[in-house]
Each structure stands twice: as C-alpha cells, then as structure tokens.
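Visitor: Hi! Could you walk me through this one, a topic at a time?
Guide: Happy to, here it is.

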Amino acid sequence: MDAFYASVELLRYPQLKGLPVVIGGGRRAPDDELLARYAHLPLCQIPVADFPLLKDYTGRGVITTATYAARQFGVGSAMGLMKAAKLCPQAVLLPVDFAEYRRFSRAFKEVILSIAPVMENRGVDEVYIDFSDVAGGQREGGRVLARLLQKTIFEATGLTCSVGVAPNKLLAKMASEFNKPNGISIVQVEDLQTLIWPLACRKVNGIGPKADEKLKKLGIETIGDLAAKSLPQLLQWFGKSYGHWLHESAWGRDERAVVTESEPVSMSRETTFERDLHAVHDRAELGAIFTDLCERVAEDLQRKGYVGRTVGIKLRYDDFKIATRDQTLALPVQDAAAIRQAAGQCLKRVPLGKRMRLLGVKVSGLISAQAWQASADDPVARESLLRPQVLTSIKNLDPYTASLF
DNA sequence: TCTGGGGTCCTAGGACCC
DNA sequence: TCTGGGGTCCTAGGACCC
C-alpha cells in the first residue's frame with residue numbers, strides 16, 4: 001500500500017491532500033484537543049490552519065509514514081520527529097491510529113482474497129500473492145490482474161497500492177518499488193541484468209544497514225557487483241548461510257513459498273519513557289509502567305488465545321544499549337500476575353545502575369490456549385505441546401538449505 | 001536532532017543427556 | 001589422565017523487516 005498510514009489519514013482529512021503530512025509521535029497525541037474543539041463538525045471541515053504542526057512537537061517520537069509531499073523535504077520513515085521538524089517545520093503532524101489502519105488493512109486484504117486466495121501477510125500494509133492458479137492471471141504477464149487488484153482495492157477503500165509482478169518473492173518485492181505510488185511493474189528472469197543488477201545492494205529485502213556497510217567495504221555497491229563475486233568468495237566473507245543466500249539473491253533466485261497461514265511466535269509490549277528513568281530514583285513510576293506492560297501482554301494473549309512458557313524483559317539504556325533477560329517456566333502462563341512474577345525475576349538479573357529509556361515485556365514459546373486446556377487430562381499430549389515440535393530436522397538447517405525443501 | 005513498537009529469524013555458548 | 005560425537009533446550013544478543 002502506498003504511504004499507508006498517511007493515506008488512511010487523508011481519507012478522514014481530505015483537506016490535507018497535497019500538503020506535507022507526517023504520522024508519528026505516539027502517546028503525546030497532538031490532535032485530541034483539536035478533535036474536541038471541532039466535535040460539532042465533520043472531520044473533513046476542520047480548518048487546515050488549525051492542525052498541529054511538526055515544528056511544535058517536543059518528544060521522542062519517530063515518523064512512521066510521511067505523505068509523498070512531505071518526502072520531498074527529505075523526511076521519511078523512522079526519522080526522529082525533532083529532526084524532521086528542522087527539515088519541514090510546516091508539515092502537519094498526526095498521531096498514529098493503529099486501530100483505524102488495521103480496519104483498512106483487513107478491508108484491502110479481503111478484497112485481495114476474494115480475487116486471489118493464496119496470500120501471505122507481511123504486516124499491515126503489504127502482502128505476497130501467488131496468482132499462478134488464478135484464472136486469467138497470466139494475461140499481459142500479470143498486468144491485467146494487477147490492474148484489477150488496484151481498481152478493486154481503490155473502489156473498496158479509496159487507497160492506492162503498488163504491485164510488483166515477478167517469478168518469486170524476492171523479485172516481486174523489488175519490482176513493487178519501481179513504480180510508486182499506484183504503479184505496476186513486471187520483472188521477468190530475463191530482466192535481471194537490466195533492471196536488478198544496477199540497483200544498490202540495500203534494495204534486496206534482507207540486506208540491511210550492517211550487511212550493506214560490509215559489502216561496501218568490499219567494494220560491492222550494486223547487486224550486479226554482488227553477482228560478479230564467486231560463491232566461495234561470498235562464503236568466506238559472509239559464512240555458509242548468509243553467503244549462499246547473498247549469492248542466490250544476486251542471481252534473482254528465491255524458492256520461498258507464499259505462506260498463507262502461520263502461528264505467532266511471541267507477543268510483547270514495550271514503551272519508551274518521556275524521560276530517562278532510574279531503577280532506584282524512579283522506582284514507583286517504573287513499577288507502575290512494568291505492571292501495565294505485563295497486563296497489556298496478558299490481554300493480548302487472552303484476546304488472541306495463547307499461553308506462553310517463556311517470559312522475558314527488555315531494557316534500553318540511555319546510551320541505547322539493549323539488555324534482555326528471559327526465563328522459561330515449567331508450565332505456560334497467560335495472566336498478568338504470573339507474567340509480572342516471572343518478568344520481575346528477569347529484571348533482577350539485569351544491571352540497573354544506568355538510566356533507561358525503554359522497558360519491554362515479552363512472552364514467547366506460545367501454545368494455543370485451547371489446545372493447552374484440552375490437554376489438561378492427557379500428560380502425553382501436554383508433554384508434546386511443551387516441546388517445540390515438528391520438522392525440527394528441517395528447521396535446524398541453514399535457511400538456504402531449508403529453502404530447498 | 002538523539003533515534004517507536006511489534007515482530008521473525010539466526011548465531012553461539014553452555015548445560016545436560018545418551 | 002585425557003578424551004568421542006551426537007542431540008535438545010535454554011539464554012543473550014543482534015540483524016532485519018513493516
């Protein structure tokens with residue numbers, strides 16, 4: 001989806017169309033007051049001049065999405081709002097309304113499923129679709145179906161999206177970036193040299209800042225540079241697993257299936273404080289936040305129907321260093337008190353001398369709450385639920401080898 | 001100008017077992 | 001006294017993605 005959060009906001013506030021708008025900021029939502037003041041008016045009639053501006057923001061938030069008009073000023077996702085305010089002070093700043101984005105997420109995914117049922121979720125605003133078996137899917141190399149998807153999604157939601165069509169997920173993801181917003185691009189195997197190899201390595205989904213830096217130091221700037229390196233050379237530099245994967249990716253090869261269903265692995269809640277806190281000096285405040293995080297994780301588990309055996313915490317200190325601790329319990333838990341108890345023990349094992357800026361609570365080793373309760377009288381079933389079952393032999397292979405299965 | 005929140009997957013070492 | 005190979009599970013950290 002194109003600038004997803006921002007586009008959803010523009011549906012509510014069409015008067016902001018064409019203006020630089022950024023979404024972000026979190027807790028200190030800047031527009032509660034605005035909504036209260038104009039409660040008697042439809043949202044679309046709130047005067048543009050009254051929207052909160054980026055330059056008036058003080059806090060620790062980051063941009064989650066910027067409209068294309070805002071991107072002209074060099075602001076973009078993950079940038080701190082205080083920094084963005086220097087680049088584009090006049091941008092309108094709207095708070096994140098995740099519930100609303102989820103509604104639109106569900107809506108556009110339903111549209112897709114009604115047309116092409118083999119769909120893999122990749123977060124709220126992105127999916128992979130395998131339309132090999134969709135009737136008419138091959139017409140004009142997929143362009144006809146891509147146009148149909150765009151049109152139907154737009155009619156149902158008012159939102160635009162960009163579609164990349166390719167023989168695998170790796171190339172489709174890159175293709176989808178070629179023609180944003182509201183674009184379609186088709187990449188075939190023959191296009192590898194002309195369309196893919198000139199791109200920076202960073203465009204490969206899976207090459208992040210660290211790997212990119214290392215590649216640059218080795219004189220590898222583009223995907224073509226990478227493809228020119230021998231496999232043994234890449235194995236030597238990057239190890240067996242990542243080296244293989246880099247080599248395959250540079251040659252446009254990717255055998256991963258489109259996965260239509262998956263179980264969650266962990267659930268967590270974390271929060272960055274408005275100011276750095278100290279375990280001793282701000283003990284009461286921290287304790288309240290900690291309890292709240294545990295309660296929210298417990299709510300999530302209960303709402304989604306999971307219990308979990310491993311409880312962990314995460315701290316981010318004022319120097320941005322992260323510490324985590326976790327503990328695996330004999331039996332899975334789901335309620336806030338049990339999570340708080342186990343997480344509290346984790347907290348005791350971590351250095352608490354430094355000020356911290358973030359605290360998080362996580363539960364992993366998830367098991368379906370239903371399956372767990374159903375096994376109450378069956379020790380054998382219960383035991384097998386506690387063990388991370390199935391396909392361990394394949395799971396333990398390196399990702400490249402595993403992808404061959 | 002200090003940098004969110006919610007995830008997944010991988011690595012590596014140590015405990016422990018056969 | 002010095003030394004095998006499996007294997008699983010647990011823990012901590014880190015890269016990466018949306």
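This is a predicted model: local features need pLDDT of at least 70, side-chain atom pairs count only at pLDDT 80 or more; totals for chains, interfaces and linings use all residues.

Visitor: What angle do H11 and H12 pack at, and how far apart are their axes?
Guide: Helix H11 (residues 231-238) packs on helix H12 (residues 240-250) at about 140°, and the axes are 7 Å apart. The axes are lines fitted to C-alpha atoms, for helices over the stretch in contact, with angles from 0 to 180 degrees between N-to-C directions. Helices (H or I, at least four residues) and strands (E, at least two) are DSSP runs, numbered from the N terminus.

Visitor: Which residues of H11 and H12 meet there?
Guide: From H11 you get Leu 231, Leu 234, Leu 235, Trp 237 and Phe 238, and they meet Lys 240, Tyr 242, Gly 243, Leu 246 and His 247 of H12. Being in contact takes C-beta atoms, placed from the backbone, within 7 Å. By class, seven residues are nonpolar, two polar and one charged. Here Ala, Val, Leu, Ile, Met, Phe, Trp, Tyr, Cys and Pro are nonpolar, Asp, Glu, Lys and Arg charged, and the others, Gly among them, polar.

Visitor: And which residues of H12 are buried?
Guide: Gly 243, Trp 245, Leu 246, His 247, Ser 249 and Ala 250 are. Buried is 20 or more other C-beta atoms within 10 Å of a residue's own, exposed is 12 or fewer, and partly exposed is in between, with C-beta atoms placed from the backbone. Gly 252, which follows H12, has a positive phi near 75°.

Visitor: How about H7, mostly covered or mostly open?
Guide: H7 is mostly covered, with seven of its eight residues buried. Those buried residues pack against strand S5 (127-129), strand S6 (163-165), S7, helix H8 (192-196) and H12.

Visitor: Changing topic: in what order do the strands of the open sheet run?
Guide: Four strands make up that sheet, in the order S8-S11-S9-S10, with antiparallel pairing. At the edges, strand S8 (266-277) and strand S10 (322-333) each pair on one side only. The twist averages 15° from one strand to the next.

Visitor: How many bridges join S9 to S11?
Guide: Strand S9 (residues 306-317) and strand S11 (residues 356-368) have eleven, in the antiparallel sense. Strands pair if DSSP finds at least two bridges between them. S9 pairs with S10 as well, antiparallel, over eight bridges.

Visitor: What are the bridge partners of Ile 313?
Guide: In S11 the partner of Ile 313 is Val 361, and in S10 Arg 325 is its partner. The hairpin of S9 and S10 has four residues between the strands, and there Phe 320 takes a positive phi near 75°.

Visitor: Which strands does H13 lie across?
Guide: Helix H13 (residues 283-304) lies across S8, S9 and S11, at about 160° to S8.

Visitor: Last one: is Pro 181 buried or exposed?
Guide: Pro 181 counts as exposed because it has 12 C-beta neighbours inside 10 Å. Pro 181 is in the loop between helix H7 (169-176) and strand S7 (184-186).

Notes: Residues are numbered from 1 along each chain as its sequence is written. Chains are lettered from A and ligands numbered from 1 in the order in which they are written. Two residues are in contact if their C-beta atoms, placed from the backbone, lie within 7 Å.
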